[in-house]
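This briefing sets out selected features of the structure shown below, grouped by topic. Please read it alongside the sequence and the coordinates.

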Amino acid sequence: MSNIILDKSKHGWWKSAVFYQIYPKSFQDTNADGIGDLRGIISRLDYLQELGIDGIWLSPVCQSPQVDNGYDISDYCAIDPMFGSLSDMEELIVEAEKRGITIIMDLVLNHCSDQHFWFLEALKGRDNPYHDFFIWRDGDGVTPPNEMKATFGGSAWTYVPELGQYYFHQFAVEQPDLNWDNPAMRAELYKSIRFWVEKGVGGFRLDVIDQIGKVADQMITANGPRLHEFLQELSREAFPEEGLVTVGEAWGATVDSAKIYSAEDGSELSMVFQFQHMCLDQGPEKWDFKPLYLPDLKACYKNWQQGLHTEGWNSLFLNNHDLPRIVSRWGNDCDEHRVNSAKMLATMAHGMQGTPYIYQGEELGMTNIRLPIEEYADIEIQNIYRERTAAGWHPEDVMASIYARGRDNARTPMQWTAKDGAGFTQGKPWLPINGNHTYINAEAALADPDSVFYYYKKLIELRKSHEVFRSGWFELLDPDNEKVFAYTRDTEKEHLLVVCNFSGETLPFDVPERFCGCEMLIGNYSDGEPGLRPYEAAMLYYRT
Ligand code: GLC
Ligand code: CA
């Protein structure tokens, strides 16, 4: 079956689309410096076309000192030389388009790098025109304006003695927050967005977008009072084209706020990345992890699926560059169950309403990694290790948190082949490659018709050929069952049953009568024995 190519000029085309996230640093290196690059992505477009995806969300490739792997941008209109040149980027856009793939860039609009020209100017004096592009408060260098903490450790305020002022940063010291109350600053951001639209980029993922309306003095980060006003202006000024797709990262989103973000009139964004499902297996902080209680996950999905039906649009994801690998998290990454549990999780997510995002390597069932602390590159991991060990935590307990939740789990290089360097690099990789690349790799997956890869490919085809995935109403079955996640999707004409066994046991399951004997669209066990085997998943379907 050849890929179905969507008409991308129309509002809403993304509702039938599947996206793929690339973390450029770890995708494909072509010049043996151990770091992935744009030419590497170009060289792998055929692979992505084979998978059948419609668009790529590219994590940041703009010029950056890389304190936070590109989420600290020092020039919004330049490509970081580490990744290649502007003409490489132009070629990537054109080559992707030839294969029916749209490129979506990552926009980091809440903050920039302390090496950005604006910030360097701002440091020159209170009267500098760029000074007010940032958030400053007078102070003495001893007591910060308030108690706010930065996500990557320490106070959210850093003192600049020459100015007698503190600047505000929600993330690292090197990521000063931009002052969205300043219209001149906003206009500059819109200009740089237009620069990329004119180059042919088809849309944007907006980094921590619910934090742009922050009110530093009141310690408000997400959901500030002017947030929606800012988003509406951004949409008017920077995204006037109907076909541009925009997805906002919003850790603080609820069903109600998501309805506003993704309103059908296109006044803000196309859809949101919300994280309620991703926070169910943790305590107050992500490092305080606990087992997932499946009925909580089911209730969470029900709330979102029913809440946004006809009133907004969600994204569907289980992984990204900030999250651990899902097969190690909610599946089972031992050799016996890895493949089936990876397919089961994909079935659960891809059966729902929303736009699926596959994170690089997810389609291979790539797993978490365990490294000695000094081999981790992530600023967040190094920071939590320092903070928690200094506060008296046992290093082993801190490492257990890092193994389970650290961001570098997702950032190890893409596993293309069984060879040294995993087909990712001929040099020394910037972050260690997972040792299991000898058997978990794209080459092996492409040679095996039963691989996780081909299962994802089939899920993508099904989504595009069956309307029920796009518009069917969601009903949860057996909400209290702690091991089986089953739900139905229905339109007037199409009916879908999705059943997923989250356990390594064989369990009884009664197929609802109306689905008995009907077509199996996809499943991870080839024969049709009764009962649900370990990590079994299936989709049953009929038309009326
Ligand atoms: C987002 C990004 C993350 C980054 C942070 C600060 O959450 O996904 O990688 O560190 O924003 O920009
Ligand atoms: Ca390189």
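## Briefing

Ser26 has a relative accessibility of 0% and therefore counts as buried, where buried means under 20% relative accessible area, exposed over 50% and partly exposed in between, with a 1.4 Å probe and protein chains only. The model is predicted, so local features need pLDDT of at least 70 and side-chain atom pairs count only at pLDDT 80 or more, while totals for chains, interfaces and linings use all residues. Residues are numbered from 1 along each chain as its sequence is written, chains are lettered from A and ligands numbered from 1 in the order in which they are written, and side-chain values use heavy atoms, with hydrogens and water left out.

**The loop between β1 and α1**

- Ser26 lies in the loop that runs between β1 (19-22) and α1 (38-43); helices (H or I, at least four residues) and strands (E, at least two) are DSSP runs, numbered from the N terminus.
- A polar atom of the Ser26 side chain is 2.5 Å from the backbone oxygen of Arg411; a polar contact is a pair of N or O atoms within 3.5 Å, and within protein one must be able to donate a hydrogen and the other to accept it, with residues adjacent in sequence counting only if both atoms are side-chain atoms.
- Ala32 is also placed in the loop between β1 and α1, and its relative accessible area of 42% makes this residue partly exposed.
- Although Ala32 is not a glycine, it has a positive phi of about 60°.
- Most residues other than glycine have a negative phi.

**The calcium site**

- The calcium ion (ligand 2) is coordinated at 2.3 Å by Asp29 (OD), Asn31 (OD1), Asp33 (OD), Ile35 (O) and Asp37 (OD).
- Donors are N, O and S atoms within 2.8 Å of the metal (3.2 Å for Na, K and Ca), and because water is not among the atoms, sites may look incomplete.
- The donor residues of this calcium ion follow the sequence spacing D-x1-N-x1-D-x1-I-x1-D.
- Asp33 counts as partly exposed because its relative accessibility is 35%, whereas Ile35 counts as buried because its value is 15%.

**Ligand 1**

- Ligand 1 is surrounded by 14 residues, the closest being Asp68, His111, Asp207, His321 and Asp322; a residue is near a molecule or strand if one of its heavy atoms lies within 4 Å of it.
- An N or O atom in the side chain of Asp68 lies 2.5 Å from an oxygen atom of ligand 1.
- For Asp322, a polar side-chain atom is 2.5 Å from an oxygen atom of ligand 1.
- His111 has a side-chain N or O atom 2.9 Å from an oxygen atom of the ligand.

**The largest pocket**

- The largest pocket has a volume of about 1,000 Å³, and of the 41 residues that line it, the closest to its centre are Thr151, Phe171, Trp251, Lys286 and Glu380.
- On a 1 Å grid over the protein atoms alone, a pocket is an open set of points where a 1.4 Å probe fits, with protein on both sides within 12 Å along at least five of seven lines, and lining residues have an atom within 4 Å of a point.
- Grid points are joined across faces, edges and corners, and a volume is the space filled by probe spheres set on the points.
- Helix α11 (residues 379-390) gives the most to the lining, with four residues.
- The lining has 15 nonpolar, eleven polar and 15 charged residues; Ala, Val, Leu, Ile, Met, Phe, Trp, Tyr, Cys and Pro count as nonpolar, Asp, Glu, Lys and Arg as charged, and the others, Gly among them, as polar.

**The loop between α13 and α14**

- Thr417 is located in the loop between α13 (408-411) and α14 (442-446), and it is buried because its relative accessible area is 11%.
- A polar atom of the Thr417 side chain lies 3.3 Å from the backbone nitrogen of Lys419, and a polar atom of that side chain lies 3.2 Å from the backbone nitrogen of Gly423.
- Ala422 counts as buried because its relative accessibility is 0%.
- Tyr439 is found in the loop between α13 and α14 and counts as partly exposed at 46% relative accessibility.
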